[in-house]
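This briefing covers the fold, the nonpolar core and the aromatic contacts of one protein. The sequence and the model come first, then the notes.

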Amino acid sequence: MNISSFANSFARRLGLLIVSLVVVFGSFFMSVSPAAADVVTVKMGSDGGQLVFEPKVVTIKVGDTVKWVNNKAFPHNIVFEGHEELSHKKLAQKPKAELESTFNETGEFSYYCSPHRGAGMQGKVVVE
């Protein structure tokens with residue numbers, strides 16, 4: 001084998017190695033998923049039957065969802081003043097009924113249960 005033939009063979013193998021490395025490392029970046037949004041659960045009514053949201057205040061990130069689950073002393077609903085798109089005014093009548101809202105902007109969002117507002121059933125979602 002002469003030097004020219006050796007150099008050509010070496011160049012082809014080196015090229016093949018570089019292409020293989022690019023494909024392997026590139027596949028790692030293509031398979032990485034973006035961070036998934038979280039779902040935070042809030043009970044509507046405490047385990048002891050008190051007319052409260054548990055927890056009363058939740059802190060989430062933009063794009064996250066809050067899921068309210070009927071726990072005790074239902075029916076309940078979720079009303080956000082000034083944010084009708086987040087509200088669920090229809091009463092959740094059944095045990096374990098779920099209501100969800102996704103928050104797409106930062107801020108503090110206060111809400112209440114309309115049948116039990118006078119009893120202090122209020123909560124807040126803080127979106128960072």
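Helices (H or I, at least four residues) and strands (E, at least two) are taken as DSSP runs and numbered from the N terminus. By that assignment the protein has one helix and nine strands, in the sequence order α-β-β-β-β-β-β-β-β-β. The model is predicted: local features need pLDDT of at least 70 and side-chain atom pairs count only at pLDDT 80 or more, while totals for chains, interfaces and linings use all residues. Residues are numbered from 1 along each chain as its sequence is written, and side-chain values use heavy atoms, with hydrogens and water left out.

**Overall values**

- Of the 128 residues, 30% are buried (under 20% relative accessible area, with exposed meaning over 50% and partly exposed in between; 1.4 Å probe, protein chains only).
- The protein exposes about 8,400 Å², of which carbon and sulfur atoms supply 59% (Shrake-Rupley method, 1.4 Å probe; for residues, only the protein chains shown count as cover).
- Among contacts (heavy atoms within 4.5 Å) with a separation of 6 or more, 62% join residues 24 or more positions apart.

**Nonpolar core**

- A nonpolar core is a set of buried Ala, Val, Leu, Ile, Met, Phe, Trp, Tyr and Cys residues joined through side-chain atoms within 4.5 Å.
- The largest one has 20 residues, and Phe53, Trp68, Phe80, Phe103 and Val125 have the most contacts inside it.
- Two or more residues come from each of strands E1 (39-44), E3 (57-60), E4 (65-70), E5 (76-80), E8 (107-112) and E9 (122-127).
- Beyond four places in sequence, the residues that Phe53 touches include Val42, Met44, Trp68, Ile78, Tyr111 and Met121.

**Aromatic contacts**

- Rings of Phe, Tyr and Trp (its six-membered ring) pair if their centres lie within 6.5 Å; planes under 30 degrees apart are stacked, over 60 edge-to-face, and the rest tilted.
- The whole structure contains six aromatic pairs.
- Trp68 and Tyr111 are edge-to-face, because their ring centres are 5.3 Å apart and their planes lie at 75°.
- Trp68 is in strand E4 and Tyr111 in strand E8, so this pair ties together parts 43 residues apart in sequence.
- Trp68 is buried at a relative accessible area of 0%, and Tyr111 is buried at 2%.
- Phe80 and Tyr111 form a tilted pair, 5.2 Å centre to centre with 45° between the planes.
- Phe80 lies in strand E5 and Tyr111 in strand E8, 31 residues apart; both residues are buried.
- One aromatic cluster comprises Phe53, Trp68, Phe80, Phe103, Phe109 and Tyr111.

**Charge over a ring**

- The charged end of Arg117 sits over the ring of Tyr112, 3.8 Å from its centre (criterion: NZ of Lys or CZ of Arg within 6 Å of the ring centre and within 35 degrees of the ring normal).
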